[in-house]
Amino acid sequence: MDYRGITALVTGASRGIGRSYAYELARRGAHPVLLARSAQTLQELADDLRARHDVQVHTLVADLSTPDGPAGAIRELQRRHIAVDLLLNNAGIGPVGPFLDRPYPPQRQAVDLNIHGLMALSYALGADMVARGSGGIINVSSTAGFQPMPYQAGYAATKAFVLSFTEAFAHEIRDSGVRVMAAHPGATATGFFDGTTATMDPRVTDSPDRVAAKTLDDFARGRLNSYPGRPLHRAQTLAARLLPRTLVVRATGAVNRRVGHHKVKDI
Ligand SMILES: NC(=O)c1ccc[n+]([C@@H]2O[C@H](COP(=O)([O-])OP(=O)(O)OC[C@H]3O[C@@H](n4cnc5c(N)ncnc54)[C@H](OP(=O)(O)O)[C@@H]3O)[C@@H](O)[C@H]2O)c1
């Protein structure tokens with residue numbers, strides 16, 4: 001895909017990897033539509049993108065975890081006559097800690113956002129793209145989607161959904177002119193665990209800018225799956241596919257206990 005001149009909706013664009021997707025898309029000549037809940041941050045980001053690149057930038061304030069959030073965002077795009085060529089479903093949250101010891105609402109919200117938000121936008125905008133015979137969708141999953149992960153049980157399960165859904169959906173519309181890809185970053189240096197005692201080991205985290213650039217390169221190459229992190233992160237997904245599942249869940253549980261995810265608290 002040539003990114004020049006296309007309109008690209010990036011969900012979760014206000015921070016982290018989504019912010020890097022917005023900069024990388026603008027650098028490649030795409031017109032970004034920035035979606036998140038933080039209106040002020042999106043406005044400042046839009047101003048900076050316009051100052052740096054000769055692109056049109058729209059902002060769209062929406063909470064994709066609410067029942068009507070995705071439909072409201074679609075209505076707003078239609079009201080403003082914005083046709084999306086590339087949907088980058090990036091917004092996601094990842095509660096950490098033992099399932100029963102952590103509050104339920106954020107765990108439910110992860111399902112609402114990571115699954116329903118992503119699927120609803122894929123449904124509405126995917127239908128428009130197929131009708132036009134062109135376009136693309138990138139769904140951000142995670143290396144966490146390849147195996148069950150004790151102490152990130154709900155989060156890993158939402159990402160397994162994204163992986164499975166994306167591969168199947170991509171197959172269904174393979175002859176439509178619309179391409180669909182799943183992206184699987186490993187640990188990436190963002191504020192993903194902010195508000196909790198959970199931390200990432202800086203020795204094995206990738207930069208969000210690099211993850212964003214690699215994802216877009218892989219999509220342009222026509223990949224079905226992108227592993228935009230370091231090779232070690234991809235190797236872990238292979239191990240999870242080759243080893244017995246009982247062994248894998250014991251191993252991921254041990255790793256997450258070693259980094260303290262079994263006693264995570266809010267701060
Ligand atoms: N960081 C990692 O190690 C890592 C690894 C693998 C995969 N991923 C995946 O990569 C994606 C981005 O992660 P990140 O690390 O960049 O996260 P992040 O820094 O926490 O940013 C999350 C983004 O999502 C937006 N968001 C959160 N809740 C939302 C909602 N209800 N409606 C709309 N937007 C919402 C946030 O903006 P507002 O708060 O302004 O709404 C923010 O822009 C996620 O899908 C995550 O699962 C991350």
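**Figure 1. R75 and its salt-bridge partner D68.** R75 has a relative accessible area of 47%, so this residue counts as partly exposed. In this predicted model, the side chain of R75 meets that of D68 in a salt bridge, with 2.8 Å between N and O. D68 is likewise partly exposed, because its relative accessible area is 43%. Side chains of opposite charge can pair when their charged atoms come close.

Figure 2. Helix α1 spans residues 16–27 and contains both E24 and R27. These two residues are 3 positions apart, which is about one turn of the helix. Their side chains form a salt bridge in which the closest N and O atoms are 2.7 Å apart. Are the two partners buried or exposed? E24 has a relative accessible area of 11% and is therefore buried, as the limit for a buried residue is under 20%. R27, at 54% relative accessibility, counts as exposed, since this value lies over 50%.

**Figure 3. The network that includes E24 and R27.** Which residues are linked with E24 in a network of salt bridges? The network consists of E24, R27, R28 and D217.

**Figure 4. The salt bridge between D201 and R203.** The closest N and O atoms of D201 and R203 lie 2.8 Å apart, and the two residues form a salt bridge. D201 counts as partly exposed, because its relative accessibility is 29%. R203 has a relative accessibility of 68% and so counts as exposed.

**Figure 5. The whole chain as the setting of the close-up views.** The chain contains 8 helices and 7 strands. Its C-alpha atoms fill a box of roughly 50 × 40 × 35 Å along the principal axes. A compact globule of 267 residues would have a radius of gyration near 18 Å, and the chain agrees with this, because its own value is 18 Å. Of the 267 residues, 50% count as buried. Among contacts with a separation of 6 or more, 71% join residues 24 or more positions apart. The accessible surface comes to about 12800 Å², and carbon and sulfur atoms account for 55% of this area.

**Figure 6. Charges across the chain.** How many salt bridges are counted? The count comes to 17.

Methods:
Residues are numbered from 1 along each chain as its sequence is written. This is a predicted model: local features need pLDDT of at least 70, side-chain atom pairs count only at pLDDT 80 or more; totals for chains, interfaces and linings use all residues. Side-chain values use heavy atoms; hydrogens and water are left out. Helices (H or I, at least four residues) and strands (E, at least two) are DSSP runs, numbered from the N terminus. The radius of gyration is taken over C-alpha atoms; the globule rule is 2.2 Å times the number of residues to the power 0.38. Buried means under 20% relative accessible area, exposed over 50%, partly exposed in between (1.4 Å probe, protein chains only). Contact means heavy atoms within 4.5 Å. Accessible areas come from the Shrake-Rupley method with a 1.4 Å probe; for residues, only the protein chains shown count as cover. A salt bridge is a side-chain nitrogen of Lys or Arg within 4 Å of a carboxyl oxygen of Asp or Glu.
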